[in-house]
Amino acid sequence: MTFHSPAHQAVDPVKLEKLAEVAVRVGLRLERGQDLVITAPIAALPLVRLITRHAYIAGAGLVTTFYSDEETTLARYQHAPDESFDRASDWLYDGMAKAYSKNAARLAISGDNPMMLAAQDPAKVARANKANSIAYKPALEKISNFDINWNIVSYPNPAWAKQMFPDDPEQVAVEKLANAIFAASRVDVADPIAAWAQHNADLARRSSWLNGERFSALHFTGPGTDLTVGLADGHEWHGGASMAKNGITCNPNIPTEEVFTTPHALKVEGHVSSTKPLSHQGTLIDNIQVRFEGGRIVEAKATKGEEVLKKVLDTDEGARRLGEVALVPHSSPISASGVLFYNTLFDENASCHIALGQCYSKCFLDGASLSADQIKAQGGNSSLIHIDWMIGSGEVDIDGFRADGATVPVMRKGEWA
């Protein structure tokens with residue numbers, strides 16, 4: 001069986017090959033004998049095949065791929081009995097968690113249609129998402145606690161491309177999205193491996209400066225935003241390549257432009273407005289406005305997708321608190337492209353952002369040795385969800401508050417100060 005749709009023919013095969021190589025050699029840094037678990041939309045089959053080949057060239061023990069498909073997902077919403085939406089494949093996620101506990105690496109290929117579930121019942125979407133989050137938690141904890149090396153890359157699914165470029169024929173839209181993915185992923189250059197080494201060094205330098213400042217809080221100000229984000233006790237900034245607990249240094253997100261850390265779950269105050277739409281599980285949530293008191297969202301609204309947003313916030317106690325704060329310059333390549341991807345992996349790297357829900361244990365000094373209770377005591381949040389949304393722009397200023405009372409400019413009009 002071959003895969004030669006007109007849309008696939010619009011994707012540059014040389015750059016796709018480079019993306020596959022970067023996913024394995026930079027994203028995962030797969031080690032000889034290590035197993036790999038891949039999840040991907042079926043439209044991404046050409047990239048799956050290339051990544052699988054590069055993984056075996058790198059010495060992978062066994063590569064196993066799980067595919068998703070838009071039509072079969074929609075069939076559930078259109079025909080399944082009501083009780084189906086409180087169920088999830090816990091047996092599958094238990095198996096994934098077992099694989100990760102045996103040091104399998106994890107690679108996700110993103111590329112689903114961002115509006116796939118837009119016309120479906122929001123209550124059913126919320127119930128299915130919650131059931132999935134509960135079932136997925138054992139596997140997600142292995143990833144969010146950085147037990148293993150993992151990576152996310154993207155493939156230009158035609159439905160996603162048409163969402164971004166609705167006025168273009170499908171083949172043209174796919175070509176435009178493919179080129180945008182390649183540019184953001186730094187594979188449109190002669191030597192992507194070297195380009196990533198330089199980029200990782202730049203991000204490490206930013207992280208080192210922030211770690212040296214030891215800010216107690218960050219203050220965001222801009223249109224519709226006056227937000228103070230307290231930082232967790234013993235927090236640590238990261239960006240670019242990081243070492244997982246299994247000793248492998250990997251780049252979890254390709255692309256990435258952020259440096260990020262853990263907020264204090266009880267010390268967020270004020271109000272903030274989103275600066276880009278959030279595409280969440282097939283629903284677009286736009287113009288989010290929330291207010292925090294004592295670290296918790298006490299008011300939330302959105303001009304589009306508000307019902308889904310409120311159901312997300314009711315997932316569990318930690319869903320209304322922050323698990324991540326990330327800094328990205330407004331001039332980042334993804335922001336400069338002027339393209340809205342409707343995909344958090346890309347859009348979060350165009351803008352400073354915050355994440356509702358689960359924190360990353362690696363964003364603490366000696367995080368690998370801290371227990372869940374210690375992380376909570378230092379301000380780390382726990383939740384079934386981790387959802388990033390964008391709050392930065394060329395009109396947002398950020399100041400850092402030091403423990404000695406000094407205020408230090410961090411960003412001015414969206415750029416590093």
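Colleague: Which residues in α5 meet α6, and which residues in α6 do they meet?
Modeller: From α5 come Asp-90, Tyr-93, Asp-94, Met-96, Ala-97, Tyr-100 and Ser-101. On the α6 side, they meet Asn-132, Ala-135, Tyr-136, Pro-138, Ala-139, Lys-142 and Ile-143. Please bear in mind that this is a predicted model.

Colleague: What is the make-up of that contact by class?
Modeller: The contact of α5 with α6 has nine nonpolar residues, two polar residues and three charged residues.

Colleague: At what angle do α5 and α6 pack, and how far apart are their axes?
Modeller: Helix α5, residues 90–101, packs with α6 at an angle of about 5 degrees, and the axes are 8 Å apart. Angles under 35 degrees count as roughly parallel, so α5 is roughly parallel to α6.

Colleague: And α10, how do its axis and that of α6 cross?
Modeller: The axes of α6 (residues 122–144) and α10 (residues 306–313) cross at roughly 30 degrees and come within 10 Å. These two helices are therefore also roughly parallel to each other. The crossing in which α6 passes α10 is right-handed.

Colleague: Which residues make the contact there?
Modeller: Pro-122, Ala-123 and Ala-126 belong to α6, while Glu-307, Val-308 and Lys-311 belong to α10. By class, this contact has four nonpolar and two charged residues, with no polar ones.

Colleague: Changing topic: what volume does the second largest pocket have?
Modeller: The second largest pocket has a volume of about 470 Å³. It is lined by 24 residues, of which Ala-372, Lys-376, Gly-380, Asn-381 and Ser-382 are the closest to its centre.

Colleague: Which elements give two or more residues to that lining?
Modeller: Those elements are α6, strand β11 (263–273) and helix α13 (372–377).

Colleague: How do the lining residues divide by class?
Modeller: The lining of the second largest pocket has 12 polar residues, six nonpolar residues and six charged residues.

Colleague: On to the backbone. Is the peptide bond from Ile-254 to Pro-255 cis or trans?
Modeller: The bond from Ile-254 to Pro-255 is cis, and its omega is near 10 degrees. Pro-255 lies in the loop between β9 (249–250) and β10 (259–261).

Colleague: What about Asn-287, is its phi positive or negative?
Modeller: The phi of Asn-287 is positive, at about 50 degrees, although this residue is not a glycine.

Colleague: Where is Asn-287 found?
Modeller: Asn-287 is in the loop that runs between β13 (283–285) and β14 (289–293).

Note on methods
Residues are numbered from 1 along each chain as its sequence is written. This is a predicted model: local features need pLDDT of at least 70, side-chain atom pairs count only at pLDDT 80 or more; totals for chains, interfaces and linings use all residues. Side-chain values use heavy atoms; hydrogens and water are left out. Axes are lines fitted to C-alpha atoms, for helices over the stretch in contact, and angles run from 0 to 180 degrees between N-to-C directions. Helices (H or I, at least four residues) and strands (E, at least two) are DSSP runs, numbered from the N terminus. Angles under 35 degrees count as roughly parallel, over 145 as roughly antiparallel, 65 to 115 as roughly perpendicular and the rest as oblique. A crossing is left-handed if the near helix is turned anticlockwise from the far one by less than a right angle, and right-handed if clockwise. Contact means heavy atoms within 4.5 Å. Ala, Val, Leu, Ile, Met, Phe, Trp, Tyr, Cys and Pro count as nonpolar, Asp, Glu, Lys and Arg as charged, and the others, Gly among them, as polar. On a 1 Å grid over the protein atoms alone, a cavity is a set of points where a 1.4 Å probe fits but cannot get out, and a pocket is an open set with protein on both sides within 12 Å along at least five of seven lines; lining residues have an atom within 4 Å of a point. Grid points are joined across faces, edges and corners, and a volume is the space filled by probe spheres set on the points.
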